Amino acid sequence: MNLMQILLLLCVLLPMAAAPAVYFLHRKNEKLGHLLTGAICLVVLVVTAILLRTGRVEVALPHIFLLGLSFSAAGVKNIFALLGAYLFFMSAMASPAYFRGSSRTARYNAFLLLTLGGILGVFYGGDLFTVYIFFEIMSLASWVWVGQTETPGAQRAADTYLAMAMIGGLTMLYGLFVLYHQFGTLSLPELQTLCAALEDKRSLYLPALCLLVGFGIKAGMFPFHVWLPKAHPVAPAPASALLSGILTKSGIFGIVLIITCLMWGSIPFMLLLLILGVITMVLGALLAVFSLDLKRTLACSSLSQIGFLLTGAAMLTIGADTELAAAGIVSHAVNHALTKLVLFVAAGVLYKNTHTLDLNELQGAGRKSLPLWICFAVGALSIAGVPGFGGYISKTLLHESFAHQMHHMSGILTLIARCAETLFLCSGGLTLAYMSKIFYKIFIQKPLDDHPLHVDAGSLVAMIPAAALLLVMGLLPSHTYGAMAAYAAPSLRSVPVAVQYFSWKNLEGAAVSLTIGLLVYLLVVRLILTRREDGKYRRITGPVDLEDDIYRPLLSAIAFMGALLSRIAYSLTNALTMLLGYLFRAGNTRRIVPGEDEDFGRYGHRNQSGNSIRQTLQFELLLFGVGVVAALFYLLLRM
């Protein structure tokens, strides 16, 4: 094993191995705990940068977890890994000031490092089994962030997050079983070769859909998005920056793996991604326009931006002339991550100073700090797609990929693509509308009080470099986004492409989108959503909450039916036991004292007079465990 292979393993395993040490050190000395956390994140950041410069590195651990683990650092994997390490380091810089005076910070930092190791294992995974193992580690570790404050709202959001993560993980696992049974391997290069040789891809639809559900839940794709708008507002701001900025990108990364390895050139899969992407894009933007909670608005914005990425993934799925789509996915993933780092850290600063996230109560709070004003403005202008900022470049690439792929479509597909392109521009306009709503309320209007706004050095360290990158990369796209796209192109089955980013055609598309946004802000936000008497925004709630009105009642109904069937099965077992007892008691000379109980320990007891078995939770769990083991043995034998 050479040095580069050791460094690759170090990236993934060091944060996870250091998590217990950070926990116990933090409980002894909070400052040293934060310092060690930041130092480990910095080491990982440096190593990911070295791996990016090195090129391709591969390492395999064949005797771990039966199927073994394998890692590969190349192409788009290196970009996502470096982006993730950067966000974790900057979040660690902002954490000490945010958590000052808070409890349970040792737990937060420990699970921060566990999540860092998990997400790097996802990005560097060389096969789908490795990706799955670390995807589950990442999901379970980040669950702690959502419930960090342990308030009722946080606990409910954490329950939702965990439930969605478990549903996604089990669905993914089933997809992996099907793939392994079909091909006998989960290696990404081998799957790509084997699937490319298939003339009929219908046998891939089931595993691809299972993987899409798992990765789509983490990305926040409709209709699995319900965790995202609820988890971000209750999670600590440094954690929200990571949940929005990079954990959702692990879902997008997984969807890209599905496309490049399994569903390359599949028009039905492209159509599915396009429809789900458009719904996610529009829904997130609409929710953000009507939201009054600062972090919830930013969370809904993330939902919308994930929709933009999914439309790019749909264009990539076509499998021909994918240069613009590939470049757009990579560029927008980077832009959105940097933007949400800036915006969520700024939201954390505002919350620590005002102890509220209500936009009406935050009126004018940001006017008291010029650095915060500038950083938030850069993030808002970038995510809105204003020329000169990073978001304009990536949205231009994604938008142009529609026009570029039109000649590969015909009939109803062309009509759907044109409708999607129109909604793309409208959603971009809505982005400007809701970001203007936030910025005007917090940074333009007269403050409600004269209390000073304190912006700590750690938050400035996290915000200023990211905001500067968004500005510099937006002004020099050929040297930044062009270089990233060229680096990632081979791993996305694409080729580098030269783009005239500031041509009139591209500027015209941005102008249309921004005009729509300006009109929505003036005609809807200012005239309809703003009350005339005091200038505050109206609180408008949606007619349906997917989680509370549909998903939870549906799951409750399923649980009720399962319990009913289990009770019936249990009653049949009880009846059989009574019958056997009646038959064998005829020849039994032992005298049974009426009312005497035979003790079965913790699992229950049998009443001799009634000859029945009382059910207990432990007995149910025992039977459940037996069933799970039997099912796993069956699946292993089938494979």
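A residue is called buried when its relative accessible area is under 20%, exposed when it is over 50%, and partly exposed in between, with a 1.4 Å probe and protein chains only. By that rule, 54% of the 639 residues of the protein count as buried. The model is predicted: local features need pLDDT of at least 70, side-chain atom pairs count only at pLDDT 80 or more, and totals for chains, interfaces and linings use all residues. Residues are numbered from 1 along each chain as its sequence is written, and side-chain values use heavy atoms, with hydrogens and water left out.

## Overall organisation

The secondary structure comprises 21 helices and five strands; helices (H or I, at least four residues) and strands (E, at least two) are DSSP runs, numbered from the N terminus. A contact is defined as heavy atoms within 4.5 Å. Among contacts with a separation of 6 or more, 79% join residues 24 or more positions apart.

A nonpolar core is a set of buried Ala, Val, Leu, Ile, Met, Phe, Trp, Tyr and Cys residues joined through side-chain atoms within 4.5 Å. The largest such core has 199 residues, and Phe71, Phe88, Tyr124 and Leu294 have the most contacts inside it. Helix H13 (residues 323-354) gives the most to this core, with 19 residues.

The expected span of a helix is 1.5 Å times one less than its number of residues. The table sets out two helices on this basis.

| Helix | Residues in helix | Span, first to last C-alpha | Expected span |
|---|---|---|---|
| H4 (residues 105-124) | 20 residues | 28 Å | 28 Å |
| H15 | 16 residues | 23 Å | 22 Å |

In H4, 17 of the 20 residues are buried, so this helix is largely enclosed by the rest of the structure. H15 is likewise largely enclosed, because 14 of its 16 residues are buried.

Ser401 lies in helix H15. Its relative accessibility is 1%, so Ser401 counts as buried. Beyond its neighbours within four places in sequence, Ser401 is in contact with Met315, Leu324 and Ala325.

Rolling a probe the size of a water molecule over the atoms shows where empty space is left. On a 1 Å grid over the protein atoms alone, a cavity is a set of points where a 1.4 Å probe fits but cannot get out, and its lining residues have an atom within 4 Å of a point. Grid points are joined across faces, edges and corners, and a volume is the space filled by probe spheres set on the points. There are three cavities of 30 Å³ or more by this rule.

The largest cavity has a volume of about 160 Å³. It is lined by 15 residues, of which Lys395, Leu425, Gly509, Ala510 and Ser513 are the closest to its centre. Helix H15 (390-405), helix H16 (412-444) and helix H19 (504-525) each give two or more residues to this lining. For the classes used here, Ala, Val, Leu, Ile, Met, Phe, Trp, Tyr, Cys and Pro count as nonpolar, Asp, Glu, Lys and Arg as charged, and the others, Gly among them, as polar. The lining of the largest cavity holds six nonpolar, seven polar and two charged residues.

The second largest cavity has a volume of about 40 Å³. Its lining consists of Val289, Phe290, Leu292, Lys437, Leu529, Tyr537, Arg538 and Ile540. By class, this second lining has six nonpolar, no polar and two charged residues.

## Residues in loops

Leu359 belongs to the loop between H13 and helix H14 (370-384). With a relative accessible area of 0%, Leu359 is buried.

The peptide bond from Phe222 to Pro223 is cis, with omega near 5°; Pro223 lies in the loop between helix H8 (205-219) and helix H9 (227-234).

Glu150 is not a glycine, yet it has a positive phi of about 60°. It sits in the loop between helix H5 (128-146) and helix H6 (152-183) and, at 36% relative accessibility, counts as partly exposed.

Arg493 also has a positive phi, near 55°, in a residue other than glycine. This residue is in the loop between helix H18 (481-488) and H19, and its relative accessible area of 28% makes Arg493 partly exposed.

Definitions and conventions: On a 1 Å grid over the protein atoms alone, a cavity is a set of points where a 1.4 Å probe fits but cannot get out, and a pocket is an open set with protein on both sides within 12 Å along at least five of seven lines; lining residues have an atom within 4 Å of a point.
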